[in-house]
Amino acid sequence: MGKSFRPEGVSPVRPALTNVSARYTLTGGRPESRVTLETTERPEVLVGQDGSGNLELVLPGVACAMAAGAIPVRDGLVRQVEVRSDGNVGTRVSIHLDHVADYVVRSEPGLPFRTVVVVDRAHLSRLLSGRLILLDPGHGGADPGARGPINLREREKCWEVTLFASQFLREAGAVVMLTRRPEENPSEALRRSLAKRRGAHLYISLHLGTGRDSAERGTASHALGKAPDSLRLARCIHRAVLDRFPLPDRGIRTEQPVDLSLVIPAVRVEPVTLTNGLDEALLRSPIFKRGLGLAVLTGVKDFLDGET
């Protein structure tokens, strides 16, 4: 272990770990990944970091009073958090990162006692800073797009997911432009021509799928244009959505005929199938739509990091 974090007032009574949570947040305008450990008493925390950047926290003498196992996160930096009991020795918490990052450990006042690991997201800022990403929320204006069984409309849901994706990309340092306002419905050709006119690095169109019948559900993605990297970008965002949510995989396709006017990496992502009642119900949740926005950020980060 590389460091020992022992706050003042550590109790001689054996404490217990009762909860672990992870979230992406803004603190003073700066994006952070925070992993919070909640315990019944103030624990001593030993922290180490391996060559891949993964953090290993050992809580000596702390009982594990929560369900052990892996907690998926996938926020573009923290991949997952794993909790396991180490018998009489204590409890171990592993924070699996996508890359090496700086971190700090601190305690927060109040009950339960909270030990917070704050992981620096500077790597994402270096990847995304100054890159122009064109986001295209499908349909709009007088075109509602597809409708779900309880009448949710593709037009509004695409807009809402796009706003989350835009927020997270901007917070990471990207320059983001949208192809339309809520009341507008520009032609497909006009939307795509914006990529060339504005000098965009990536073009990401967000739609919702439709099924041959109401039982069909899940995630589909499409590589657009003639850029060879479009398929790789589609794979990265597609995988990020499926890593975050247990949705059926409807596959990745290449749009035919190829749009020769699109010369940058370009994709259309359909994270769920609106004509399915279960998928439509997910779109009623702001937490789900926020998660889709984070999945877009994660996929873009993976693409720029060179993943396939």
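Are Phe245 and Phe288 buried or exposed? Both are buried, and the views below, taken from a predicted model, show where they sit.

**View 1. Helix H6 and its two ends.** Let us begin with helix H6, which covers residues 286-304. Most of H6 is covered, with 15 of its 19 residues buried. Look at the start of the helix to find Ser285, where a side-chain oxygen comes within 3.2 Å of the backbone nitrogen of Ile287. After H6 comes Gly306, which has a positive phi, near 90 degrees.

**View 2. Tyr24 meets Phe168.** The whole structure holds three aromatic pairs. In the one formed by Tyr24 and Phe168, the ring centres are 5.3 Å apart and the planes stand at 90 degrees; an angle over 60 counts as edge-to-face, so this pair is edge-to-face. Tyr24 belongs to strand S2 (residues 16-27) and Phe168 to helix H2 (residues 154-171), so the pair links distant parts of the chain, 144 residues apart. Tyr24 is buried, at 6% relative accessible area, and Phe168 is buried too, at 1%. Phe164 joins these two residues in a cluster linked by ring pairs.

**View 3. Phe245 meets Phe288.** Here the ring centres of Phe245 and Phe288 lie 4.5 Å apart with their planes at 55 degrees, so the pair is tilted. Phe288 is part of helix H6, while Phe245 lies in the loop between helix H4 (230-244) and strand S16 (249-254), so the pair ties together parts that are 43 residues apart in sequence.

Note on methods
Residues are numbered from 1 along each chain as its sequence is written. This is a predicted model: local features need pLDDT of at least 70, side-chain atom pairs count only at pLDDT 80 or more; totals for chains, interfaces and linings use all residues. Side-chain values use heavy atoms; hydrogens and water are left out. Helices (H or I, at least four residues) and strands (E, at least two) are DSSP runs, numbered from the N terminus. The expected span of a helix is 1.5 Å times one less than its number of residues. Buried means under 20% relative accessible area, exposed over 50%, partly exposed in between (1.4 Å probe, protein chains only). A polar contact is a pair of N or O atoms within 3.5 Å; within protein, one must be able to donate a hydrogen and the other to accept it, and residues adjacent in sequence count only if both atoms are side-chain atoms. Rings of Phe, Tyr and Trp (its six-membered ring) pair if their centres lie within 6.5 Å; planes under 30 degrees apart count as stacked, over 60 as edge-to-face and the rest as tilted.
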